[in-house]
Amino acid sequence: MNKTLFDKVWDSHVVHRIKNGPDVLFIDRHMVHEVTSPVAFLGLKNRNVNVLFPEKTFATADHNTPTKNQHLPVKDPLSANQLKALEDNSKLHGISYWGLGHEKNGIVHVVGPEYGITQPGATIVCGDSHTSTHGAFGAIAFGIGTSEVEMVLSTQCIMQPKAKKMRISIDGKLSKAVTPKDVALFIISELSTSGATGYFVEYYGSVFSEMSMEGRMTVCNLSIEMGARGGMIAPDEKTFEYIKDREFTPRGKDWDKAMKYWSTLKSDADAIFDKELCFDGETIQPMITYGTNPGMGMSISNGIPNAKSQKGGVKTYLKSLEYMNYNEGESMLGKKIDFVFLGSCTNGRIEDFRAFTEIIKGKKKAPNVTAWLVPGSHKVEKAIKKEGLLTILNEAGFELREPGCSACLAMNDDKIPPGKYAVSTSNRNFEGRQGPGSRTLLASPLVAAAAAITGIVTDPRTLF
Amino acid sequence: MAYDKFTILESSAVPLPIENIDTDQIIPARFLKATERKDFGDNLFRDWRYDSNNNPKKDFVLNNPKFKGEILVGGKNFGSGSSREHAAWSVYDYGFRCVVSSFFADIFRNNCLNIGVLPVQVTSKFLEEIFNKIYENPKTKLNIDLNKQKIKIIGTNLSESFDINEYKKENMLHGYDDIDYLMNIKDSIEIFAKNTPL
Ligand code: SF4
């Protein structure tokens, strides 16, 4: 058979093959948000066509939304206009719309799995590159551009050549305080930000099979940061357990039928990959980034690598350190920080808040640190309150904001000021990503918590 | 949205020899609030181009009148990061029809091909040659022939072939986009939809 998981899902969704061209791929689930959809809807209008299968598209507002006072009208007129456009377009085309204030509102990649829109073996796209998150369920999920959003709305298909296949296997037991985020940052630092360009990655091995579904989402989410089209993990008992009885998952006979398909979803023993990589899980340490792309990560207790040890682009490397105002060889431990951001579709789920709370419990927030704790959805927000985490956070001097993408891309008011340092659980540390001139250190919720109470970069292992 | 056909482009070029240029640099997120495709060219490389008081930064290449043209030449791994098509729009709307680099990020390349910007991937050696020639003489022209899949540095005997998917090439040569194609096979899509397992 020698088919990979990716082959099985992809091939079963090809409507048409164009010789020497892309495949026409059928899309099962489409998520839209306010930023990358308005021009696509405008395109439909100009072509005078309707949405072909409105029940397969789901809309939520997240990129642009405030994380305070969501019950009030949105102040920024441009943001308000975009939100209104999404609402109008959804209504016009009969698409389910979970706007600001709706109980199901949240970041697209957080709410998709929460309500069972995300399912194994599905093809899922969204105009956001971290759509790769949904690969955690054994789906083929990837980000698309606005032209493609228009394609999916009008024809439920996109046209893309099939990606090459890569398998990344990691076995072994993870050490204490090493989280799925660290595993992902480790892989990216090994591969660089372009190391998986052109590939779809399958994660394999005991490290992933032992990981929770939320952890798998964090790993798949970051696949795009090494250039991959997406990442996926074969569904198992944990996956089925997670999706069972969610609002949009099949029930009864439909569930049985779906299970038949889902149980075939793993790479055959003799599957052929274009590239295979193996790492040892036991060697992975808590990670942090020191530069301006996610590939510039290192074990938190190491020194910043020397420019000479970089494979290429010494000039770019030095430019990056200059932006961060760091020097080669320096230790990251002890570096002063100004902001902490816990949130985003990478680490804005309940397990992330549990991890953060575990460290800060009974301690106090450092006075020099501004902390933004932003749940990924209302569902996460409710769980934080119900589990009593909010009380612990409040006692330590933290407050909780309302759900949204927030400082992950800083389109709303949550911007890190120029020159300031933020330890962030999000996914990108590009120049200015979190606000013009902002400096981002990507890390796990544990490292973020350790920084929040000490005011400096701190190894979380010293705080348990 | 349809775009102008691309056949042969001969133009001087703007050099940007920086690696890993990500889409947040090409167009920062705060400029993504539009509901129409308008004014994106003005914000191309916004934070490299202007300081916080909106004054042009003299040392940035787009503010240097010496370098002009419809071709942008960038360092390796151009366009990594976000899936925002706005990045490709801002490149096109600024007036570039072609980006040359030794490596492109996937989504950016795809977005470019969908909207009429031709990504031309060359070897790192050839890229180096282009930068050298442009810095020697900013008026140096590049000739890009899509049909022949050839890029030449005019006034030298340096040239290289580049790859492009045949289907995308046809589209570009005619100014078609994918939706035109998909609309034509809508019946088979609807039949397929009835038989999907999910
Ligand atoms: S949290 Fe960040 S990466 Fe995730 S959907 Fe929002 S903007 Fe995109």
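User: How many Å separate the centres of domain 1 of chain A and domain 2 of chain A?

Analyst: Domain bounds come from an automatic or database domain assignment, and here they divide chain A into domain 1 (1-285) and domain 2 (290-462). Taken over C-alpha atoms, the two centres are 24 Å apart. This is a predicted model, in which local features need pLDDT of at least 70 and side-chain atom pairs count only at pLDDT 80 or more, while totals for chains, interfaces and linings use all residues. Residues are numbered from 1 along each chain as its sequence is written, chains are lettered from A in the order in which they are written, and side-chain values use heavy atoms, with hydrogens and water left out.

User: How many residues does the contact take from domain 1 of chain A and from domain 2 of chain A, and what area is buried between them?

Analyst: Contact means heavy atoms within 4.5 Å, and the contact takes 44 residues from domain 1 of chain A and 43 residues from domain 2 of chain A. Buried area is the accessible area (1.4 Å probe) that two parts lose on being put together, summed over both; for these two domains it is about 3,600 Å², with 53% given by carbon and sulfur atoms.

User: How many salt bridges does the rule find across the interface of domain 1 of chain A and domain 2 of chain A?

Analyst: A salt bridge is a side-chain nitrogen of Lys or Arg within 4 Å of a carboxyl oxygen of Asp or Glu, and the rule finds two across this interface. Elsewhere in the list of pairs, Glu225(A) forms a salt bridge with Arg428(A), where the closest N and O atoms are 2.9 Å apart.

User: Which chain is in contact with chain A, and with how many residues?

Analyst: Chain B is, with 55 of its residues in contact with 72 residues of chain A. Between them the two chains bury about 5,100 Å², 62% of it on carbon and sulfur atoms. Across this interface the rule finds four salt bridges, and Arg47(A) meets Asp177(B) in a salt bridge with an N to O distance of 2.7 Å.

User: Which element gives the most to the side of chain A that touches chain B?

Analyst: Helices (H or I, at least four residues) and strands (E, at least two) are DSSP runs, numbered from the N terminus. With seven residues, α5(A) gives the most to that side, whose residues divide into 28 nonpolar, 30 polar and 14 charged. In these classes Ala, Val, Leu, Ile, Met, Phe, Trp, Tyr, Cys and Pro count as nonpolar, Asp, Glu, Lys and Arg as charged, and the others, Gly among them, as polar.
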